[in-house]
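This briefing goes through one protein chain by topic. Please keep the sequence and the 3D view at hand while reading.

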Amino acid sequence: TVSVVDLSRCKLASLDGLAQQLPGLVSLKANDNRLSALPDDLCYLRSLQELELTLNHLTSPLWRRVETQGDLLPSLRRIDLSSNQLSSLPGLLSRCPQLYEIRAGVNRITSIDNIIPEGAALHSLRVLDLQDNQISELPPLQECTPNLQTLVLRNNSITAVPPLWGVWDSLTSLVLAGNPLRGLRLNIIDQ
């Protein structure tokens, strides 16, 4: 059974039918194609652990018609959506219980409020990379990402960091270079 597929630089405009043809897929790389959306059935690949979709034309929402209850991509550990045209990250990512790493740099994301719907949490998330977007405000993420270790927000429009981030026990790396910060309280970086 094929479990790893690399379809990078194949000039693909669609991944329709892939989930039915390869239900045991563990790793899918479809970088540098012409994808603007993803087929809804891709959300139900139970074994998929890694999904790389960089350098495409993906827009929000990624999936159009997906059931609103239950886990999606239950084995997904890493997703890379960098260098697309996303204006937001899909809230559906909060329904991926094993998700360890989200990379979505070089997009058009303006807010990270919608990544995790109210009351939900990504307990497995350790890396969140949102560099080179248009994010200006930061919510208190530690409640919904209590185990996050690395947060990359380089080259956004951030002017202030929430004071509570200074007592965020799990956060060990915070990258804010290239933001127009008005000041940074020492207690935020001292912790």
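A pocket here is an open set of grid points, on a 1 Å grid over the protein atoms alone, with protein on both sides within 12 Å along at least five of seven lines, and its lining residues have an atom within 4 Å of a point. The model is predicted.

**Overall fold**

- In sequence order, the secondary structure elements of the protein chain run β-α-β-β-β-β-β-β-β-α.
- The radius of gyration is 17 Å, which agrees with the value near 16 Å that a compact globule of 191 residues would have.
- The C-alpha trace extends over about 55 × 30 × 25 Å along its principal axes.
- Buried residues make up 46% of the 191 in the protein chain.
- Of the contacts between residues at least 6 apart in sequence, 43% connect residues at least 24 apart.

**Largest pocket**

- The largest pocket holds about 220 Å³ of space.
- Its lining consists of 13 residues, and those nearest the centre are Asp-113, Ile-116, Pro-139, Pro-140 and Cys-144.
- Sorted by class, the lining residues of the largest pocket are 9 nonpolar, 1 polar and 3 charged.

**Salt bridges**

- Side chains of opposite charge can pair when their charged atoms come close.
- The whole structure contains 6 salt bridges.
- Arg-78 pairs with Asp-80, with 3.7 Å between the closest N and O atoms; Asp-80 counts as buried because its relative accessibility is 9%, below the 20% cut-off.
- Arg-78 also pairs with Glu-101, where the closest N and O atoms are 3.4 Å apart. This pair links distant parts of the chain, since Arg-78 belongs to strand E4 (residues 78-80) and Glu-101 to strand E5 (residues 101-103), 23 residues apart.
- Glu-101 has a relative accessible area of 12% and is therefore buried.
- Glu-101 forms a further salt bridge with Arg-103, with the closest N and O atoms at 2.5 Å. Arg-103 is partly exposed, at a relative accessible area of 24%.
- Through shared partners, salt bridges join Glu-50, Glu-52, Arg-78, Asp-80, Glu-101, Arg-103 and Asp-129 into one network.

**Loop residues with positive phi**

- Leu-73 is not a glycine, yet its phi is positive, at about 40°.
- Leu-73 sits in the loop between strand E3 (50-52) and E4, and its relative accessible area of 1% makes it buried.
- Val-106, another residue other than glycine, has a positive phi near 55°.
- Val-106 is located in the loop between E5 and E6 and counts as partly exposed, at 42% relative accessibility.

**Thr-110**

- Thr-110 lies in the loop between E5 and strand E6 (127-129).
- Is Thr-110 buried or partly exposed? Thr-110 is partly exposed, because its relative accessible area of 43% falls between the 20% and 50% cut-offs.
- Leaving aside residues up to four places away in sequence, Thr-110 touches Ser-87, Gln-134, Ile-135 and Ser-136.
- Thr-110 and Pro-61 are 49 residues apart along the chain, and their C-alpha atoms are separated by 14 Å.

How values were computed
Residues numbered from 1 in each chain as written. Predicted model: local features only at pLDDT ≥ 70, side-chain atom pairs only at ≥ 80, totals over all residues. Heavy atoms only, no water. 1 Å grid on protein atoms, 1.4 Å probe; cavity = no way out; pocket = protein on both sides within 12 Å on 5 of 7 lines; lining within 4 Å. Points joined across faces, edges and corners; volume = space filled by probe spheres on them. Nonpolar A, V, L, I, M, F, W, Y, C, P; charged D, E, K, R; others polar. Salt bridge = Lys/Arg side-chain N within 4 Å of Asp/Glu carboxyl O. Buried < 20%, exposed > 50% of the residue type's maximum accessible area, 1.4 Å probe, protein only. Helix = DSSP H or I, 4+ residues; strand = E, 2+ residues; numbered from the N terminus. Contact = heavy atoms within 4.5 Å. Rg over C-alpha atoms; globule rule 2.2 N^0.38 Å.
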